[in-house]
Amino acid sequence: VTHSIPACIGSMTINSKQLDNESPVSIFAVNRCYGTVQDGTFFDGSGFAALVQEGYKVQSDVNITLEFRTTAAHGALLGVSSAKVDAIGLEIVHGKVLFHVNNGAGRVTATYEPRGTNSLCDGKWHKLQANKSKHRISLIIDGNSVHTDNPYIQSTSADTNNPIYVGGHPADVKQNCLTSKSSFHGCLRNLVLTKGQHTELFDFSRAFDLRGVFPHSCPGAEH
């Protein structure tokens, strides 16, 4: 077994002596246990999760679904970017959800803005679907759909072969389709990327780099 246990451990004794887990000599990727807990992955707002080290090819079509819960008005959700301009990005900016796509000719954005007093940053779960089909892009939040016109209809493929960064990204990694410098603070679950008939559910505990991200459990809903 090469990965850590997704659990809470307490009151450990060795040779009848209780270990002091309040002041460890060193600590890595260990958080405190939550009084109430939900399924999902907790992002503490300081880092990111890096998936698919060998590179993810967005190309012409991709459908992204995930659920998020946050009280922050800003935060990166997901980005895949080449070193050039081709990229996709999902982020929360001023309480709106933005889906950016650049197939090489220029960035196009679909924006979902909640109506009235409805907020996406209310600490409740919201379902997001972002779809890129050649030059067409759409965003569906909690069943509400937004489509946007793309003037670059000849450009259809985002030629990436790069990791998927979720919740933020390292400072030295270019993300051509993310504008927010804020890492996501909150919980994510059920991240699924679909290409044609191939559907992949991503397990954050299998990320090749995790910083400030705690798989498998989220603190209970904030009040």
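Reader: In the hairpin of β10 and β11, which residue takes a positive phi?

Author: That's K134, with a phi near 55°. The hairpin has 2 residues between its strands. Keep in mind that this is a predicted model.

Reader: Got it. How many bridges hold β10 and β11 together, and in which sense do they pair?

Author: There are 6 bridges, and the pairing is antiparallel. Strand β11 covers residues 136-141. As an example of a partner, L128 is bridged to I141 in β11.

Reader: What about β5, how many bridges join it to β10?

Author: 8 bridges do that, and those two strands also run antiparallel. β5 spans residues 61-70. One of its residues, D61, has S133 in β10 as its bridge partner.

Reader: Which residues of β10 are on its covered face, and which on the uncovered one?

Author: H126, L128, A130 and K132 make up the covered face. K127, Q129, N131 and S133 are on the uncovered face. The strand itself is residues 126-133.

Reader: Switching topic: how many salt bridges are there in the whole structure?

Author: A search finds 4. One of them is between R189 and E67, where the closest N and O atoms are 3.2 Å apart.

Reader: Where do R189 and E67 lie, and what does the pair tie together?

Author: R189 is in strand β14 (residues 185-195) and E67 is in strand β5, so the pair ties together parts that are 122 residues apart in sequence.

Reader: And E67, is it buried or exposed?

Author: E67 counts as buried, because its relative accessibility is 14% and the cut-off for buried is under 20%. R189, at 24%, counts as partly exposed.

Reader: OK, next one. Which side chain does E113 meet in a salt bridge?

Author: K96, with 3.9 Å from N to O. E113 sits in the loop between β9 (107-112) and β10, while K96 belongs to strand β8 (residues 96-102), so this pair ties together parts 17 residues apart in sequence.

Reader: How exposed are E113 and K96?

Author: E113 counts as exposed, at 51% relative accessibility. K96 counts as partly exposed, at 28%.

Reader: One last thing: what does D203 pair with?

Author: R206. Their side chains meet in a salt bridge, at 3.9 Å from N to O. D203 is partly exposed, at 32% relative accessibility, and R206 is exposed, at 66%.

Technical notes: Residues are numbered from 1 along each chain as its sequence is written. This is a predicted model: local features need pLDDT of at least 70, side-chain atom pairs count only at pLDDT 80 or more; totals for chains, interfaces and linings use all residues. Side-chain values use heavy atoms; hydrogens and water are left out. Buried means under 20% relative accessible area, exposed over 50%, partly exposed in between (1.4 Å probe, protein chains only). Helices (H or I, at least four residues) and strands (E, at least two) are DSSP runs, numbered from the N terminus. Two strands pair if DSSP finds at least two bridges between them.
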